[in-house]
Amino acid sequence: MAVEDAELPYLRRCVELAADALDAGDEPFGSVLVGADGKVLAEDHNRVASGDRTRHPEFELARWSAAHLSPAERAAATVYTSGEHCPMCAAAHAWVGLGRIVYVASSEQLSGWLAELGVGPAPVRPLPVQEVAPGVTVEGPVPELTEDIRALHARFHGRAG
Ligand SMILES: [Zn+2]
């Protein structure tokens with residue numbers, strides 16, 4: 001199942017949430033959890049500026065879904081996200097039994113952008129979701145929106161987008 005035009009609004013909302021994170025002094029990542037009926041169930045953005053570097057939106061949505069959704073609802077839900085899940089979030093997603101992932105920018109793209117910006121490597125390897133959670137259906141990147149995300153990361157690291 002490819003990314004459909006009808007799904008772009010969810011991805012645009014992820015970009016908005018990433019911009020909200022940036023405005024709040026945080027790294028620009030945003031994610032939206034959508035049920036089988038297309039309804040937005042929860043959304044969040046990065047909150048690592050608090051000092052807790054596990055406060056990724058995808059991790060938050062995985063834990064929210066475990067508290068609020070049945071296993072069947074989780075399996076039928078989709079997580080849209082501005083950047084591909086990191087290994088921590090991919091593991092949380094798989095452990096709670098969430099369904100498909102659609103990301104705007106891949107971890108490989110993000111790593112390349114950060115290297116160009118002179119940002120040192122993260123403490124966790126940027127493995128693709130499927131290496132961590134092979135049972136999860138993953139779609140992305142979405143070229144229509146990747147430049148928007150690259151520009152937000154450039155702004156976060158003090159460069160003009
Ligand atoms: Zn993460």
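His45 lies in strand S2 of this predicted model, where strands (E, at least two residues) and helices (H or I, at least four residues) are DSSP runs numbered from the N terminus. At 13% relative accessibility, His45 counts as buried; buried means under 20% relative accessible area, exposed over 50% and partly exposed in between, with a 1.4 Å probe and protein chains only. When residues up to four places away in sequence are not counted, His45 touches Leu17, Asp20, Ala21, Phe29, Gly30, Arg55 and Pro57, contact being heavy atoms within 4.5 Å.

Residues are numbered from 1 along each chain as its sequence is written. Because the model is predicted, local features need pLDDT of at least 70 and side-chain atom pairs count only at pLDDT 80 or more, while totals for chains, interfaces and linings use all residues, and side-chain values use heavy atoms, with hydrogens and water left out.

Strand S2 belongs to an open sheet of five strands in the order S2-S1-S3-S4-S5, with mixed pairing. The edge strands, each pairing on one side only, are S2 (40–45) and S5 (138–139). Two strands pair if DSSP finds at least two bridges between them. S1 and S2 run antiparallel and are joined by five bridges; Val32 stands opposite Glu43 in S2. The two strands form a hairpin with five residues between them, and Gly38 in the turn has a positive phi of about 90°. Strand S1 (residues 30–34) also pairs with strand S3 (residues 78–83), in the antiparallel sense and over four bridges. In that pairing, Val79 of S3 is the bridge partner of Leu33.

Five of the five residues of S1 are buried, so this strand is largely enclosed by the rest of the structure. In a regular strand the side chains alternate between the two faces of the sheet. Both faces of S1 are covered, with Gly30, Val32 and Val34 buried on one side and Ser31 and Leu33 buried on the other.

Trp64 is partly exposed, with a relative accessible area of 26%. Trp64 and Leu33 are 31 residues apart along the chain, and their C-alpha atoms are separated by 9.5 Å.

A further contact is formed between two helices. The axes of H5 (residues 107–116) and H7 (residues 143–156) come within 10 Å and cross at roughly 40°. H5 is therefore oblique to H7. Axes are lines fitted to C-alpha atoms, for helices over the stretch in contact, and angles run from 0 to 180 degrees between N-to-C directions; angles under 35 degrees count as roughly parallel, over 145 as roughly antiparallel, 65 to 115 as roughly perpendicular and the rest as oblique. Gln109, Leu110 and Trp113 in H5 meet Thr146, Ile149, Arg150 and His153 in H7.
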